[in-house]
Amino acid sequence: MHAGSEPDPRTGAVVPAVHVATTYAQDGVGGLRAGYEYSRSANPTRDALQECLAALEGGTAGFAFASGLAAEDALLRAVLEPGDHVVIPDDAYGGTFRLFAKVAARWGVEHTAADLSDPAAVAAAMTDRTRLVWCETPTNPLLGVADVAALARTAHERGALLAVDSTFATPYLQQPLSLGADVVVHSTTKYCGGHSDVVGGALVVGDATARGGEPLAELLAFHQNAMGAVAGPFDAWLVLRGLKTLAVRMERHCDSAERVAAHLREHPAVREVLYPGLADHPGHDVAARQMRRFGGMVSVRLADEAAAVAMCGRTRVFTLAESLGGVESLVEHPARMTHASAAGSPLEVPADLVRLSVGLEEVEDLIADLDRALEGAAPAPR
């Protein structure tokens, strides 16, 4: 609540100001006041958010961007060169896969998808040109769990960096830097902002170095300014405001998600419930070890694609929409929506999958809404 938000020394204001200025008066040529000259390079509101993000993740520096994908792109450009290779999850966010497959590939960066829950599979996928292992945990949308500490050892033994997209976990539930990761990635659009009213992204680093020994923080700072996809001041302010309530929101998200997951696993129309908090989830033990709780995302598999699409169209409390992590509950069909870009690839999402972002409404209302949406659905084989 306080990192980056100390009371203003002049007025005592307890909320940081939204500094919309694009440029700053200089005290003589090159005489910058507090280091500010132009708001792409630095902005007081964005600095406040970046300070808060670094504190939450236990990092040395944070960087706020205009979107999660802008953050990812800046990281790739900073640490990779044409001819390099990356290991990515075989269950990655569709936009991340598109970035590697349709953008980075044209730049000469190759990638291989691997099961990141198996460090041996990751090691087998690495080559002498692998410079980065890209991890999501939990993954989007299959809620897979990767052992961050084990992946860090695997990557570092081969001279690669480990990046962890911790969007689903948030800084409240998981701190990958403390587990050995080199950089943490967030779509701050999701739980960090928390109110479906801002698009943003972030990178947080510790003391890692990139190729040639250059501090990763310095390299990212250069690319953030040179590429320019920075968070605007009001967007930064909204994310900073969201972070102040992150802990209490995540507790409620987790409480309700646990109830929803337990209820749906008993429903005859549900083939399978994917949630790390369930004892029979293959990643449950790892998640229990590296996460505070298990998060607010639940995915389910139904009898077939038609049943999944029908369920998405019948909810009333859950809103049919993309994105996640807001106060309102959302439902979506990943294969046709957020992960359509992975169709026909090794990362293709099962067509019978429905993803739920469990919000802050009364959990009894959420369960009743899901039961209503599944009413009359054919029993699913298990």
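This is a predicted model: local features need pLDDT of at least 70, side-chain atom pairs count only at pLDDT 80 or more; totals for chains, interfaces and linings use all residues.
## A buried glycine, a mixed sheet and some ring contacts

Where does Gly-326 lie? You'll find Gly-326 in the loop between E10 and E11. Leaving aside residues up to four places away in sequence, Gly-326 touches Gly-194, His-195, Ser-196, His-253 and Gly-359. Asp-197 is worth a look too: its C-alpha atom and that of Gly-326 are separated by 8.8 Å, although the two residues are 129 apart along the chain.

Now for the sheet around that loop. Five strands make up an open sheet with mixed pairing, and the order runs E8-E9-E12-E11-E10. At the edges sit strand E8 (272-274) and strand E10 (319-320), each of which pairs on one side only. Helix H11 (residues 305-314) packs on this sheet, where it touches E10, strand E11 (330-332) and E12. The direction of H11 makes about 30° with that of E12.

In which sense do strands E9 and E12 pair? Strand E9 (residues 297-301) and strand E12 (residues 353-357) run antiparallel, with five bridges between them. Pick out Val-300 and you can follow one such link, as its bridge partner in E12 is Val-354.

On to the aromatics. The structure has three aromatic pairs, and two of them are set out here.

| Pair | Centre to centre | Angle between planes | Type |
|---|---|---|---|
| Phe-100 and Trp-134 | 5.8 Å | 75° | edge-to-face |
| Phe-234 and Trp-237 | 5.9 Å | 10° | stacked |

Phe-100 belongs to helix H3 (residues 94-104) and Trp-134 to strand E4 (residues 130-136), so this pair ties together parts 34 residues apart in sequence. Both Phe-100 and Trp-134 are buried.

Why does the other pair count as stacked? The planes of Phe-234 and Trp-237 are at 10°, and stacked rings need planes under 30 degrees apart. These two residues sit three apart in helix H8 (residues 233-244), which puts about one helical turn between them. Is each one buried or partly exposed? Phe-234 is partly exposed, at 46% relative accessible area, while Trp-237 is buried, at 18%.

Finally, a couple of arginines sit over rings. Arg-77 lies over the face of Trp-107, 5.3 Å from the ring centre. Arg-292 does likewise with Tyr-172, at 4.3 Å from the ring centre.

Key:
Residues are numbered from 1 along each chain as its sequence is written. Side-chain values use heavy atoms; hydrogens and water are left out. Rings of Phe, Tyr and Trp (its six-membered ring) pair if their centres lie within 6.5 Å; planes under 30 degrees apart count as stacked, over 60 as edge-to-face and the rest as tilted. Helices (H or I, at least four residues) and strands (E, at least two) are DSSP runs, numbered from the N terminus. Buried means under 20% relative accessible area, exposed over 50%, partly exposed in between (1.4 Å probe, protein chains only). A charge sits over a ring if NZ of Lys or CZ of Arg is within 6 Å of the ring centre and within 35 degrees of the ring normal. Two strands pair if DSSP finds at least two bridges between them. Contact means heavy atoms within 4.5 Å. Axes are lines fitted to C-alpha atoms, for helices over the stretch in contact, and angles run from 0 to 180 degrees between N-to-C directions.
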